[in-house]
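Have the structure open as you read.

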Amino acid sequence: MSAVDVAPATAPRARRALRWRPGERTGYAMASPAVIALAAITAYPLLWNLWTSFHDVDPLTGGTGQFVGLSNYRAVFSSQTGLLAALMHTLIYMVVSVTVEMALGLGIALLLNRPMRGRALCRTLILLPWAVPTVVSALVWQTLFDPQGGGVNYMLSMLHLPGSHTVWIGATASATWASILVADAWQSTPFVALMLLAGLQAIPRELYEAARVDGASAWQTFRGVTLPNLRPALMVTLVFRTLQAFLIFDIIYALTQGGPGTSTQTISYMTYYNFIVSDNFGVGAAISIVMVIVCLLIAGVYRVLLRPST
Amino acid sequence: MTAAGIAGRAQTAGWRPARVAARLRRSWPSWLLILVTLLFTAPFLWVFTHSLESSAEWAQNKTVLWPHAPTLANYRAVLFKDGFLTNVANSVIVAAATTAATLVFGSLAGYALARLPMRGKSAILGFILLAGFFPLTAMIGPLFKVMSRLGLLDTLTAVSISDLIYTLPLATWLLASLFAQLPEEIEEAAMVDGCTRLGALRRVVAPLAAPALATAAVLSFILAWSDFTFSLSFLQDESHFTAPLAMLQLGQTKFYTYYNLTDATVVITALPIVVLVLVMQRRIVSGLTGGAVK
């Protein structure tokens with residue numbers, strides 16, 4: 001900016017093109033605190049990770065700062081470090097949890113979109129789990145999944161359902177993943193429902209009236225009017241949820257710490273572990289770069305898949 | 001007449017249950033919604049109930065839906081004996097500091113992006129929004145290094161600064177769309193009357209922007225209050241922990257299987273957020289959905 005200010009004007013025309021418009025300098029000054037703050041906590045870490053991922057900074061091996069090529073990335077994609085397994089867990093969990101939460105969220109949004117007394121209260125109460133900290137959600141479900149005094153097994157035995165003696169968290173991988181899914185869905189589905197409800201409410205009434213005049217069935221109305229018009233809201237929510245599910249961390253740390261064994265380690269958990277627990281900054285940086293790339297890929301895939309067909 | 005009356009009554013008695021059944025069948029979405037609401041609320045009620053249970057009663061390990069002798073002893077114990085009050089205060093400091101910084105930075109940037117003629121405006125807005133999607137755990141390594149070089153490791157400042165990643169993109173977007181809606185003539189009049197642009201922003205625009213600022217403030221507070229990743233990565237001394245981190249730490253060590261004590265910390269940590277949502281739900285909903293669906 002200041003370079004433009006002091007640049008010698010070679011021709012009057014060029015000078016006019018580079019001159020500040022009234023208020024423009026004020027604009028940059030006003031925007032700069034936000035931009036600088038966000039650049040300091042995102043752009044700088046991105047560049048730092050990029051540099052570190054190609055260099056040897058591991059204090060265990062000397063940390064000479066030498067260029068080591070792809071060796072940190074090889075650790076990410078090697079089967080011995082458990083990182084590839086963590087990446088796979090995360091991707092499978094992402095697909096399963098997003099599918100479950102989108103389906104439940106759409107159902108709840110459709111229910112909330114019907115006129116009914118006490119609807120606002122229902123919406124507020126359903127929103128509560130979204131608003132509380134993730135660790136609250138994790139500890140609530142840890143209490144509920146407790147094999148002896150927990151509410152889940154209590155309900156199962158009350159209803160004479162099988163599985164009322166299950167040890168949910170920490171015994172088997174499948175039951176532990178199921179617990180994570182329940183706790184995560186409890187917290188994330190309200191967000192999906194809320195976003196889709198806003199989308200539903202933005203659909204013009206006349207479209208439904210036209211469908212009724214044409215004698216369309218409820219299902220035909222849903223397919224022909226609701227879904228196509230909900231597309232933008234579905235797209236935004238899907239991108240939000242998929243990225244959040246891919247980056248799942250808090251609930252894993254609070255509920256399982258990656259266990260039993262390494263079976264619920266996710267990619268974010270491994271990044272945290274390498275950065276903070278084992279001080280392995282080179283590998284942590286390489287995982288970070290892989291995470292950023294996968295996030296960009298997810299956003300790109302959705303852009304192509306959900307491009308308006310018209 | 002009596003015969004006719006009896007016949008009539010029999011008739012109504014005959015078709016009334018059918019009508020009730022039909023009404024029930026038609027109103028199944030309402031019942032389903034009530035059931036769903038109960039399912040989402042029940043975990044809170046369960047935790048609240050058990051937070052009122054004495055440790056003796058908990059140790060008997062009988063599942064009860066309401067304790068025989070409800071007591072606030074757990075709350076007294078965790079707040080005053082286990083130092084959780086300090087942790088709650090830390091969370092308040094972090095969330096308040098992040099919210100204040102978010103409102104200042106967000107309204108300045110939002111105003112500039114909505115009103116002032118700037119080249120590269122869409123690139124700036126794009127960067128601000130994109131930053132909100134940056135993977136959190138990818139930030140903690142480099143930020144850990146920076147914070148330790150700045151001597152900010154194990155301080156609430158480090159957490160507050162990092163928490164801007166949750167709040168600033170959303171708040172800037174909300175405030176930029178607000179300023180784009182306010183009529184420009186108001187501040188032009190103020191500037192004609194001798195205000196500078198910043199003066200006009202502070203004296204004339206800010207009061208009109210109050211509702212949107214409140215929305216941004218509530219959402220920022222909720223998001224910063226929820227932070228766990230940065231607290232876990234940067235804080236080391238237990239007296240510096242924020243509530244979510246301390247709650248987990250206490251639950252996994254000191255309280256171990258005494259979920260009645262853990263439940264008390266859970267209720268304390270959730271309470272400010274629950275109150276905010278109940279009081280400000282309309283703002284929260286419009287802020288969240290307006291920021292994303294439009």
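## Ground rules and fold

Helices (H or I, at least four residues) and strands (E, at least two) are DSSP runs, numbered from the N terminus. On that basis, chain A has 14 helices and zero strands, so along the sequence the pattern simply reads α-α-α-α-α-α-α-α-α-α-α-α-α-α.

This is a predicted model: local features need pLDDT of at least 70, side-chain atom pairs count only at pLDDT 80 or more, and totals for chains, interfaces and linings use all residues. Residues are numbered from 1 along each chain as its sequence is written, with chains lettered from A and ligands numbered from 1 in the order in which they are written.

## Overall shape

Along the principal axes, the C-alpha atoms of chain A fill a box of roughly 80 × 65 × 35 Å.

## What's tucked inside

In chain A, 41% of the 310 residues count as buried (20 or more other C-beta atoms within 10 Å of the residue's own; exposed is 12 or fewer, partly exposed in between; C-beta atoms are placed from the backbone). Helix 7 (residues 134-144) of chain A is largely enclosed by the rest of the structure, because eleven of its eleven residues are buried. Among them are A:W141 and A:Q142.

## Where the chains meet

The contact (C-beta atoms, placed from the backbone, within 7 Å) takes 74 residues from chain A and 75 residues from chain B. On the chain B side, helix 13 (residues 259-293) gives the most, with 16 residues.

Methods:
Two residues are in contact if their C-beta atoms, placed from the backbone, lie within 7 Å.
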